Amino acid sequence: MPAGGPYANPALLTLAAIAAAGGCHKPLTFDQQDIDHHQMLAGVGPGFLLGVATSAYQIEGGNQNDWTDWERGRYADGQPHVADGASASRAADSWNLWRQDVAAVEDLGANVYRLGIEWSRLEPTEGAWDTAAAARYREMLVALRTARRHPIAPMLNLYHFTLPHWLAARGGWEWAGAPEAFAAFAARAADAFGDLVDLWCTLNEPNVYVTKGYIAGQWPPGVRDPARGARVLARLLQAHALAAAAIRVHDRADADGDGSATRIGLAHNVRVFDPAGGPVDGLIAGIADNFYNRAIPDAVATGRIHIALPLAITIDEPAPALRGSFDWLGINYYTRDLVRSQIVRAITRRGAPYDQVADPARPHSDMGWEIYPEGLYRLLLSFAPYGWPIIVTESGVADRAGKLRPEFIRSHVYAIDRARAEGVPVIGYLHWSLIDNFEWSHGYEGRFGLYTIDFAGDPALTRRPTAAVATFQALARGLGLR
Ligand code: PNW
């Protein structure tokens, strides 16, 4: 495993970080003609991971966890917290309709499907294990492995923003026992599914969880306290390290016979932070980049957690178990922030330290996120010096009309290919998402699916292909998967 090697050159990393933060980057704009004429994923090896991603709570329905309470106004403020009062109580009903999901993954020609298992479902009370639920997950995994066209490798995601009630009641990730509890869950999952799973994703986006749940207060537990957020981020890193070690002990079965029983990583949300204007914007953008983009991979590379939120907290503690915990780094990329600093808010710590400025020259998604494929290229380059193989574990666009997505896919795959051409070891691309789903605070407003669902008007929740299905299938065809 190459982890850590190139990290021996901190100067290179610093330069890469400054470049990514916008400190000295030349404005970069892809040429539309280049994208149009580009042969997508040309030259990737036969092992390239081409697939799609979902998460358990967002599609399954029928779950009961901290988010259920958040949706229904069962937190202290008594408020429901989701647009249109929506809830995930049925979501895409994938708990029952999962065969349609597997059929859709097959239809795409994907060779990997990143899916979640729901902790609250499998361990509804502390230490319990729902064998019936585990059996259903096994059915899904078997169906993927024995898919008609070719085997689909499951990438199993263990934590994706939702906590069992019993754990939330103990304080969630602020409870000192949470990492051990998570590692015990991971060990059980490895026992139960390890013969069918080699690709393990421990955590989804610890930085998004902390930003939303503990800094912005928009997700459960609705806290606005950066120092607590930083401590939770450190806890999540410890949880990842313990879980990775547990999986390596409990999954000794090589599901696909390629010589490795486990390939472990986590899905890290990354954003470009570019200054909208002068040096103060650049300073704030750099701080944001450090906290948001760098703290997690730096900790795994060095075995030391260093999280700095100026004027709030600096955490600096050894975490040797993190070293070597990545076989790959997962990158979830959606957008960039153009940073206009709000220095009074930054200093008084009342509200966000910057406002996001929209560049009117660029297209935006239904959720207002700038579409900026150049950012994926820039970030991939900036993560290369760590030395891990990189899997793009999520990339996608909220696009109800389905008009933006085909070009979104092409331009982002182009970004990946440009990075690969410069030596960045990108070994996979997973589109977010397979189907429309419950998009957290946005309810059913944010439509990310390659297959769309009419949640309000179609009780059967039929998965209907959008135009981008053909775009994805063309990728699969290029790889000989269709
Ligand atoms: C990711 N943000 O979440 C998640 O992994 C998915 O669950 C989600 O559906 C997808 O992106 C699309 O949003 C994010 O506000 C949620 O910066 C919010 C943010 C980023 C990622």
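Ala, Val, Leu, Ile, Met, Phe, Trp, Tyr, Cys and Pro are counted here as nonpolar, Asp, Glu, Lys and Arg as charged, and the others, Gly among them, as polar. The model is predicted, so local features need pLDDT of at least 70 and side-chain atom pairs count only at pLDDT 80 or more, whereas totals for chains, interfaces and linings use all residues. Residues are numbered from 1 along each chain as its sequence is written, and side-chain values use heavy atoms, with hydrogens and water left out.

**Figure 1. The shell of residues around the ligand.** The ligand is surrounded by 17 residues, a residue being near a molecule if one of its heavy atoms lies within 4 Å of it. The closest are Gln-58, His-160, Arg-271, Glu-394 and Glu-439. By class, the shell comprises eight nonpolar, four polar and five charged residues.

Figure 2. A polar side-chain atom of Arg-271 is placed 2.5 Å from a ligand oxygen atom. For the side chain of His-160, an N or O atom lies 2.8 Å from an oxygen atom of the ligand, and for that of Asn-204 the corresponding distance is 2.9 Å. Of the 450 Å² of accessible area that the ligand has on its own, the protein covers 93% (Shrake-Rupley method with a 1.4 Å probe; for residues, only the protein chains shown count as cover). Two or more residues of the shell come from each of α10 (206-215) and β5 (263-275); helices (H or I, at least four residues) and strands (E, at least two) are DSSP runs, numbered from the N terminus.

Figure 3. The axes of α10 and helix α11 (residues 226-250) are 9 Å apart, at an angle of about 150°; axes are lines fitted to C-alpha atoms, for helices over the stretch in contact, and angles run from 0 to 180 degrees between N-to-C directions. The two helices are therefore roughly antiparallel (angles over 145 degrees; under 35 count as roughly parallel, 65 to 115 as roughly perpendicular and the rest as oblique). Their crossing is right-handed, that is, the near helix is turned clockwise from the far one by less than a right angle, anticlockwise being left-handed. The loop between α10 and α11 holds Pro-221, and the peptide bond from Pro-220 to Pro-221 is cis, with omega near 10°.

**Figure 4. Helix α15 with its partners α14 and α16.** Helix α15 (residues 405-421) packs with helix α16 (residues 468-478) at about 30°, their axes 8 Å apart; α15 and α16 are therefore roughly parallel. Helix α14 (residues 373-383) and α15 cross at roughly 25°, and their axes come within 8 Å. This pair, too, is therefore roughly parallel. The crossing is right-handed for α15 and α16 and also for α14 and α15.

**Figure 5. Backbone geometry in two further loops.** Most residues other than glycine have a negative phi, and most peptide bonds are trans. Phe-161, in the loop between β3 (153-159) and α8 (165-169), has a positive phi near 80°. Trp-432 and Ser-433 are joined by a cis peptide bond with omega about 15°; Ser-433 is in the loop between β11 (426-432) and β12 (451-452).

Definitions and conventions. A polar contact is a pair of N or O atoms within 3.5 Å; within protein, one must be able to donate a hydrogen and the other to accept it, and residues adjacent in sequence count only if both atoms are side-chain atoms.
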